[in-house]
Amino acid sequence: MAAPNGVLGAVDPKTAKTLKMENTEKRDTLIEIEKRYQKKWQEAGVFNVEAPSISEIPTGSMPAGELRKKHPKYFATFAYPYMNGTLHAGHSFTVSKVEFTTGFSRMQGKRVLFPLGFHCTGMPIKACADKLTEDVCKFGQNFERYVDEDLNGVGLTGQSPAPTQAETKDDITKFTSKKGKAAAKTVKMKYQFQIMLALGIPREEIHKFSDANYWLKYFPPICKNDLNNFGARIDWRRSMTTTDANPYYDAFVRWQMNRLKDLNKIQYGVRYTIYSPKDGQPCMDHDRTEGEGVAPQDYTALKLRVKEWAPKAAEKIEGRIPDGAKVYFVPATLRPETMYGQTCCFVGPKINYGVFRVSENEYYVVTKRAAWNMAFQGTFFKEDNFARDASELRSVLELAGSDVVGTLVNAPLSIHKEGVRVLPMESVLPSKGTGVVTSVPSDSPDDYATVMDLAKKAEYYGIKKDWAELEIPPIIETPSYGNITAKFLVEKMKINSPKDAKQLAEAKDLAYKEGYYKGTMLIGDFKGQPVEVAKPKVKWALIESGEAFEYAEPNGHVVSRSGDECVTAYLGQWFLNYGENDPEWRDTVLEHVKNDLETYSSETQNGFEKNLEWLNRWACARTYGLGSKLPWDQKFLVESLSDSTIYMAYYTISYLLHSDIFGTKRGILDIKPEQMIDEVWDYVFCRRELSTELIKSCGISKADLEIMRREFEYWYPLDMNSSGKDLIPNHLTFFLYVHLALFPKEYWPRSVRANGHLLLNGDKMSKSTGNFLTLSDAVNKFGADACRISLADAGDGVEDANFEEAVANQIILRMYTLKEWCEEVIKDEKMRTGPADELWDELFDNELKSLVHEARQHFEALEYKVALKSALYDFTSSRDFYREATIAAGVPMHRSLIERYITLQALILSPIAPHWADYIWQEVLHNKDTIQNALWPSVPAADPSLTAAREYVRATSSAITSAEAAQLKRKARGKETTFDPKKPKQLTIFYAASYPAWQSTYIDIVRDSFDALNIHIDEKQLNTKVQAQGKQEMKRAMPFVQGLKKRLMAGEKGDVVFERKLPFVEGDVLAKMVKGLRRTTGCKVVEVVKVEGEENEKAGVVMVGEGEGSKRQEMPSVAGQATPGNPSFHFENI
């Protein structure tokens, strides 16, 4: 599923940073064409496709794999979008990957399926609807009682972020995912109705959205329209909404959950989870406006009993708690194994702490934030009576951190049995842990630096010096840092103060890794054991003795869709048993990722592998929001990331079940929702065979059951799932887990393509800055094909891509100009007919063949940026070269070649720019059927000799014109020139009849290093042998060797290259270039001279020019520099 949108819609034109469009006539012309062809495609049902029918291929007549081989297919999807807003340009980037792939697959003769549904499950829609209900109650149906609070009239409010976590990772043994996509898309507005106004919804319509079901009716048609305007090749018959709003999809989800439970993949248990007190339920990734990817962080909470209060604290606490009551400072630690080394306890002197009553005789001193987390872990409230608001948790009294400094506490396991003191630490964060930090200066660089500082400045801090000078015992031996790790690192890294935050963070990371992975315990009951082994033992020993308890909190700031700051709760819940608790399931998925799944990039594969290492149980049910009810416990709804794992299978048969997205109208098989019992889904998805009992129990005919099975077993497995890389940690990994659990191996997913985020004009898209485009905005602004070409040009990797509006604007001009040229040239009666035997004809035809093959290779590799280069930019450059060459040569272009060019241009560009291509195909070339049904052109392989000749012509022409231009620049600067370019001049081109003798040695070296069978050169062997000839030879040898390599790797035959034969006749090519060079250089005379003989005895023969065939003894020195394939030339005034 696509991550639920933040706030999507229009951007205030006053603040917009996007390109302003002017003079839009060309764009409007192209858009008119696009609209016309989109209508044609939809009316003709061009993208509607089915599996081979039962009448065509009877059931059981061949295995499903053979059926797919006989009738090739391609099935691709992208994560279905969430329906709480309109699609933005980032969605179109992901869609484009499916679009280009399916477009090309159609041209390969495959049946291609690209369906799309609408995701509505979860909290976002319900939370927004509830907020609107509050807005209507507060301001009236049309918000007439609202008074503007800000200058812009929509009440934008700045919100200060919560303090961030420390930059070093808390627990090095845990993998964490960093996400910022949802936050980056969110613009914070005070009221929900303001957000709806920003979406462009009329004020008088907004109150209707207080009904959550209205969202399901409103946004899907907009999504469909936007994608149709984009030219998407979607089979809309297969669309559906999720949740129980569609009874067929609801039955599908219930089947999925039942079968996962049957397989013991869904279990019930008590565990930590991110939780929204206001909503009264777990808050999973897509239920959040902030904190996607944040997970519970487990701590060990120590109970440091107060032995003696500091004077200020004693005065404030007197009479507020019972005499004899036990009061504990409760630090939370990730390193319980180090507690033997406690020498003090830190508090933030400026932090306010609460004294919270746990029982009649027990109290905890922690921050209010920590107490609020504990309240959902059985400390202050029971699970069946969790609080909904923080006001329900009250402290007995509050104490400033400075009040408790000097308090004596008992530190469990510490060697200092008489107790340790509470001391001040400025860097303690109230937003992390409990606000109380136990100090172990032997192994914590932060603690060591702080106690050293406290001891030096005891008077400044208002403490007794000896409080900070307790013995620091060695507790862990490490191979790198000894047995007082913190002291070693602080001194080695020259850390002078607790304020050296960057160095301390680095030191903390080093100390933690060394201690955990390589350390050995020196003290306590587990002395001699590796720290990695001893750590959990120490933790449980502390808990069992009553001196500690488990505590957890979110490892980042999390806000639910309802605006509630989330906590970590310990509660019973239904969960999918991902991860280490079902190692066989996890390892099966991991093996599939490593060995069978195509991920198109190492980054995506590594992302999956890392995620599979750390991903653990996932709560799959909630009580608030929209969705399907958990079949066996209907007070719960299936969570949004758990009902969206295998919906691709539903696409295969959805059009057979219903003909509208809500399932209110039956599909072509006339099946009722209640007939889709679990056993039917099992049969359709190849989990069981057909039986008389099944037919009888469901009431569906055998023929209809077989039709549904055929659709699934033909279209599955899914060939490609396209999504943003931010969904690898959840949706995409769940997608693999559940597919592998429920379907036979033959139907496991074949590939996942993950892309990065889409930047706009080089910056992140942000509504608050005005650098934002919805999909509709982009298409209306530039047209569909210009957007599609720009998206292809944006990039193909998992790194963030960039949509440049300036590029899109330039593409409008390029495509309009190309359209106009095609329309005009096809009517040109002056073009040649008959044999296309001019050199320029042959070179042009050959280059077209080469580029068609290049483009195909790139499309097959899903490399759309380079495919676009071959299919558009290089293709038009090839035309330009032909046009300019024929003009220079004084011959018209050839009609058959131009028609061939236009045909090929339309075909190979159609996967990316189908509207433009179809217009050219039907209205310029007058083909009757749409180009959407055309096949990729079949052309012979390019002739390497003609390819080499083309490169020779280009290189030679460029060298000559560049040399002349250089002389013009020198003359303009008043510098001396070898000739005056503005006066009558002559150009003489010299080409060599044979290679210099010295090159024979290097030809033999290259021949020995070349593997003709595999078209491979042993670079190491080649370079060694070349270098052995001596440094003096290298300067002239290396360019020659590189030229040979280039020819061989381009496909020229080895015998041609090694026998020192050019694949073309150089003199003939130069002769045909003369006329054009005379025109481009302005030379009155252009002659071609063949140079013969060895280095010191060279002579020339005039091949073109005055005295043709005559010998020429006196030649300029440049004549001797010519070698076969590399001519030299000389300008002179006449």
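The side chains of Arg710 and Glu713 meet in a salt bridge, with 3.9 Å from N to O; the term covers a side-chain nitrogen of Lys or Arg within 4 Å of a carboxyl oxygen of Asp or Glu. Arg710 and Glu713 sit three residues apart in helix H23, so about one helical turn separates them. Both Arg710 and Glu713 are buried, where buried means under 20% relative accessible area, exposed means over 50%, and partly exposed is what falls in between (1.4 Å probe, protein chains only). Helices here are DSSP runs of H or I with at least four residues, strands are runs of E with at least two, and both are numbered from the N terminus.

A word on the model. It is predicted, so to speak of local features takes a pLDDT of at least 70 and side-chain atom pairs count only at pLDDT 80 or more, while totals for chains, interfaces and linings use all residues. Residues are numbered from 1 along each chain as its sequence is written, and side-chain values use heavy atoms, with hydrogens and water left out.

Now for the chain as a whole. It holds 37 helices and 35 strands, and its C-alpha atoms fill a box of roughly 125 × 80 × 65 Å along the principal axes. Of the 1134 residues, 57% are buried. The accessible surface (Shrake-Rupley method, 1.4 Å probe; for residues, only the protein chains shown count as cover) comes to about 47,500 Å², and carbon and sulfur atoms account for 49% of that. Taking contacts (heavy atoms within 4.5 Å) between residues at least 6 apart in sequence, 77% join residues at least 24 apart.

On the charge side, there are 147 positive and 155 negative side chains, and the centres of the two sets lie 2 Å apart. Lys and Arg count as positive, Asp and Glu as negative, with His and the chain ends not counted; each charge is placed at NZ of Lys, CZ of Arg, CG of Asp or CD of Glu. The salt bridges number 64. One of them pairs Lys97 with Asp796, the closest N and O atoms being 3.1 Å apart.

Ser96 counts as buried because its relative accessibility is 0%. Setting aside residues up to four places away in sequence, Ser96 touches Phe230 and Leu791.

Another bridge joins the side chains of Asp793 and Lys865, at 3.4 Å from N to O. Asp793 is in helix H26 and Lys865 in helix H29 (residues 864–889), so the pair ties together parts 72 residues apart in sequence. Lys865 has 37% relative accessibility and therefore counts as partly exposed. Salt bridges also link Glu50, Asp235, Arg237, Arg238 and Glu711 in a network.

Helix H20 (residues 647–657) is mostly covered, with eleven of its eleven residues buried. Its cover includes strand E1 (73–78), helix H9 (247–262), helix H21 (678–684), helix H23 (702–715), strand E25 (720–724) and helix H24 (728–742). Tyr647 is in this helix, and its relative accessible area is 0%, so it is buried. From Tyr647 to Lys1072 is 63 Å, C-alpha to C-alpha, across 425 residues of sequence.

Most residues other than glycine have a negative phi, and most peptide bonds are trans. Tyr716 and Pro717, however, are joined by a cis peptide bond with omega about 5 degrees, and Pro717 is found in the loop between H23 and E25. Lys494, in the loop between helix H15 (485–492) and helix H16 (501–518), has a positive phi near 55 degrees. Lys494 is exposed because its relative accessible area is 66%. Leu862, in the loop between helix H28 (839–860) and H29, has a positive phi near 60 degrees, but Leu862 is buried at 9% relative accessibility.

Finally, Lys969, Arg970, Arg973 and Lys975 form a positive surface patch. Patches are made of residues with over 30% relative accessible area and no salt bridge, like charges being joined within 9 Å and nonpolar side chains (Val, Leu, Ile, Met, Phe, Trp, Tyr) within 5 Å. Lys975 lies in the loop between helix H32 (944–972) and strand E29 (985–992), and is partly exposed at 45% relative accessible area.
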